[in-house]
Each structure stands twice: as C-alpha cells, then as structure tokens.
Amino acid sequence: MRQSYTVSASKQAATLNMHESAGSHDAREIGVARVDDIAPGTSKSFRVAGREICVINSGGRFYALRNACPHRGAPLCAGTVGGTLLASRPYEYVYGHEGSVIRCPWHGYEFDLESGNAVVRATGLRVKTYPVRTSDGSILVCVERSGSDLSREGHR
Amino acid sequence: MTGEPDQTARLTETESQDVTGQAATRARIVDCDVHPHFAEGIADLMPFLPRRWKERIAGSDHSRTWAARFPGSAYAIPGNTIYTNPAGAMRRDAVHDGRLPASDPAFVAEQLLDRHGIDRAILLGGNVFGLAALPDASLATALASAYNEWVTERWLLTDKRYRASILVAPQDPTAAVKEVERLHDRNGMVQIHMPLGDRLLGEPQFHPIYEAAASFGLPVCIHPNATEGMYWRAPNVAGGPPTYYLEWVTLYSQAFAPHLTSLICHGVFEQYPRLRVVLAEAGFAWLPDLLWRLNRYWTNMRADMPNLTRLPSEYVRQSVRFTTQPFPETSKKFIRKICSMVWADTTLLFSSDYPHWDFDDPVRVLAPLEQPVRDRILTDNASELYGERL
C-alpha cells in the first residue's frame, strides 16, 4: 500500500508534463504524483529535492510532511492516520480530529497533519509540513529552495 | 567457583583470531534485547514437544483446533491479556507481508540488523516471558526445552548474527539445571533466560541454577514478564493492580529492585563470584537510590548477612549488567549524570527491544553521551560479558 519513489524536478516535468511553478523566488512547487496514485486512506513517500516527503490522502484531502518523526526519526509514512482523544473530564472519552492526526509507527507520538505540531504540545516537537495542492490531476508539493528541513536531523 | 574459563582470556583469543582473518570481525554493535515471536502462537512449539505435551496443549489431534479458543480446552503461556497499549504494542512497520512482528528472521535481519548496523542480536523469546506464572512445573519445563529447540532451528540457523538465551523454568530448579547442562555448549547460546515468578531470586532453591551458570560462564538474564500483577505466580505490582497500561508499563520495573536486593542480601554474588546477572528492560535510573540505602543500612544491619564481605554496591558493579532500553529521555546533562552514577562504562548494555513499540535506535538514544562511554555501551561491555560466546 505504501510505496517509496524518487522524484527529481526534471523527471517530474517530463513524466507529469508539469512545470516548476515559482510560488515565490524562495520556494517552488513540484509535482510528485497523479491524484489517482494515492487513494484515500493511503500514503506514499517521495524523494523531493533532497527531502524525503510523505504525502497522505486523508479522506480526499492531501497532506505533505517530512517522512521522519522529530522524536527518533521513524518513517511517518508507515504510521496511521486517524483522530485522537480530546481533552475532557475524567472518565469522559471524546473522540475528535478524525482524519487529521498521524500516529508514528514506532513510539506512537501523534502529530497534527496540518500544522505538524505534536498533539502533546509539552514535547515541543513539530514535524515539518509542506503546502500541497492539486492541479489538473497532479499533486503539487511546495518546498523551499533552501531550508532547515534539508538537514538530516528532525525539527524541534 | 572453579573451572570456569576466564572471560578476559576468551576475549584475547577472539581478537587474535581476528588478526589471522580466521574469525568474523569482532562485533561492533551488540543489541542485547531482541524479541523473536511465534508465527502461529504456541503451535510453533509443536514439532519440538513430546507427544504427551502436544496432546495436553492443543487437543488430541496435535493441531491448532477449536480447542485453543475455549477456556479450559488448551494451554497458553501466561501473558498480558488485560492491559492494552492504546498506541499499539508493536512497531507498526515491523508487520511484514501480513506476518506478525519479528516472526520472520530474514525480515528482522533486514529491518533491524542491516538498517541499524547491528552485528549481534541477543534473542529473548517474546512469547515466553510469562512462563514462570504457570503452576505446572513439568509443563513449564517442557515448554522451555521446546522453545530452546525452536529458537535454535528457526533463528540461530538462519543468520549468524543471532544469539539466543537458554530458557529455563524456575518452578523446577533441578530441571532447569539439566536444561542448562544440555545446552551450555550449543553454538549461539550466550546466556540463561530465567523468567520471573513470585519468589525472589536470592532464595536458596535457585542457587543450583546460579552454580551451573557460573561454572559454564553463562550470565543469567531476567526481563519483565508481561504478567506483572495478573497471575498469582507472576511478579506483583506493589500497592495493587493498576488500571491502565500506562500505569502498568511505567511500574513493572518495580519488580527488579526486590530481586536485585534479594540476590545481594542472600550472598549470591559472594558465593558465586563468577556469576553475572543481566537485568533487561528493567531501567537503571532507580539504581543509585537503592544502592545508597543498601550501603547505608548494611553498615549497621549486616548481622543478618555476615557472609557479605563488601559494600552491596560493589557486588552490583562487579556482577550485574543492565540493558539500556528504554533509555532516559531527558537533558544531556541529566543523562550524563545518571550514567556516571551507575558506572555506565561497565554496567550498561545497549538494547533496542525490537519489535516493541518503545524501540531504541543505537545512534540516536546514546547521542547525549561521550564517544568512549558510547563505545563501551554499544560494544565492549557486551564483549566482556559474553566473551567468545558472542
């Protein structure tokens, strides 16, 4: 279900008939796959301009995040997407944020897919997320030309 | 004890073989806590069990039948059936081809050994920790024997980087000694795995096991049993049974302080100075407080144990080793302090606990430590402990 691809910008332009579009002079959008390649409820990882990025289709909405947990480096693409228990009174169990939380496959840390923030904010952990959109059936991920996400270590 | 080959001499021998190129390169990273799992539950042991036990375990047709699904119809090794980890008890990426985590030696070799540069993985059976909670000592002994054959055939023979632990049933120490005598010189066996029950390890009925272990140069390893607080014969949880997995998993390291204290106070390390005991997944940050108390109280209460000739803490430094996982996750400053307080350069052995959810990576978790201590924990302490068996 989950696969890994290497996508270079040049190959991208050829195979997907896409162009790098200049979001700003410091960022660029890169097509990584066709929308149909990542079905709802699945994810795939791509090597994009020096970063390993996990693209997730959660209920038809796409998210892109660095494929390395900021805690211990586990591949987040092997994790699971779901909701989480909301803060509540003792012995009350209120489920929420369905489809917008990813749980790390190793130690089970949870991250918000949109912001990248750990659900337990006290950890101070945040996974790098990337703007993503679809256009003409392609999934476009926006990465900075240079950035701290190019370093090997995760982010805090 | 006499007759045990000197560990230092063994190491020297291994190194000299390396120089001549006749032996494999000395291990660089040793992972001292890896858990192979049965692919089909207790049925994996069937080929290795005598007929009597096959029938008792799975019904008279020797197979996995309806019997396994009804209470009172088939045996199971006691395990954790009442506390559930809401975040998952296994690494999700350890599921491979729909097979259970760590049930395929080839995939474990790829995902754990190759990917993390681990040269030796010491196996402790993931399905057998609760063995000591079985009230039937004969059955427990038979299961231990069958497990030892299973791990040899399914794991040791498939990859030369695996090492195994001789499983014994502490319910019957005489039978346990026989099992150690049967397997002590089998290639790949590096230690004895003694599941914990409700009796503390210093008690005299266990001493024959320590005598055998010391004479064969086999460390005795103890590990959490996944049955703490759940069975009469399992280790207790002080205070009473917790409600949630989080409480249970946080607290199960409690059991190790009484066992360690018992070994010291019964004079086991004085009687068997060659014996080494490995506390796996027991934690170690609790150790300084325990040793301060023991040292302090022993100085004026030694009348109960006049055979002790040294401070309790000195026995620990000499004879006891601790695996690292779950390694403390706090500031570099605190980690270094804790490690120096427990003599990490002598006592700690790296472990990953693969494939469990709280897996530790050999590079990341030890990063706060200085290189010489890291090397000791990743390699040298294990080499010195296990000698040529490694």
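This is a predicted model: local features need pLDDT of at least 70, side-chain atom pairs count only at pLDDT 80 or more; totals for chains, interfaces and linings use all residues.
**Chain A**

One helix and twelve strands make up the secondary structure of chain A. Read from the N terminus, the order of elements is β-α-β-β-β-β-β-β-β-β-β-β-β. Chain A has 156 residues, and 47% of them are buried. Of the contacts in chain A that join residues at least 6 apart in sequence, 49% are between residues at least 24 apart.

**Largest pocket**

The largest pocket holds about 1400 Å³ of space. Its lining draws two or more residues from each of these elements: strand 7 (80–85) and strand 8 (95–103) of chain A, and helix 7 (245–251) of chain B. Helix 7 of chain B is the largest contributor to that lining, with four residues. In total, 40 residues line the largest pocket, and those nearest its centre are Asn85(B), Pro86(B), Ala87(B), Leu246(B) and Trp357(B). Sorted by class, the lining comprises 21 nonpolar, eleven polar and eight charged residues.

| Residue | Location | Relative accessibility |
|---|---|---|
| Arg72(A) | loop between strand 6 (61–66) and strand 7 of chain A | 12% |
| Arg120(B) | strand 2 (residues 120–123) of chain B | 11% |

Buried means under 20% relative accessible area. Arg72(A) therefore counts as buried, at 12%, and Arg120(B) counts as buried at 11%. Leaving aside residues up to four places away in sequence, Arg72(A) touches Trp106(A) and His107(A) in its own chain and Glu329(B), Arg364(B) and Val365(B) in chain B. For Arg120(B), the C-alpha atom lies 10.0 Å from that of Asp159(B), and the two residues are 39 apart in sequence.

**Helix 14 of chain B**

Helix 14 of chain B covers residues 371–386, which is 16 residues. At 1.5 Å a residue the helix should span 22 Å, and because its end C-alpha atoms are 22 Å apart, the two values agree. The helix also bends, by about 50 degrees, at Ile377(B). Ile377(B) is one of the buried residues of helix 14, which also include Arg374(B), Leu378(B) and Thr379(B). Further along, Asn381(B), Ala382(B), Ser383(B), Leu385(B) and Tyr386(B) are buried as well. In an α-helix there are 3.6 residues a turn, so residues three or four places apart point the same way. After helix 14 comes Gly387(B), which has a positive phi near 55 degrees.

Technical notes:
Residues are numbered from 1 along each chain as its sequence is written. Chains are lettered from A and ligands numbered from 1 in the order in which they are written. Side-chain values use heavy atoms; hydrogens and water are left out. The expected span of a helix is 1.5 Å times one less than its number of residues. The bend at a residue is the angle between axes fitted to the seven residues ending there and the seven starting there. Buried means under 20% relative accessible area, exposed over 50%, partly exposed in between (1.4 Å probe, protein chains only). On a 1 Å grid over the protein atoms alone, a cavity is a set of points where a 1.4 Å probe fits but cannot get out, and a pocket is an open set with protein on both sides within 12 Å along at least five of seven lines; lining residues have an atom within 4 Å of a point. Grid points are joined across faces, edges and corners, and a volume is the space filled by probe spheres set on the points. Ala, Val, Leu, Ile, Met, Phe, Trp, Tyr, Cys and Pro count as nonpolar, Asp, Glu, Lys and Arg as charged, and the others, Gly among them, as polar. Contact means heavy atoms within 4.5 Å.
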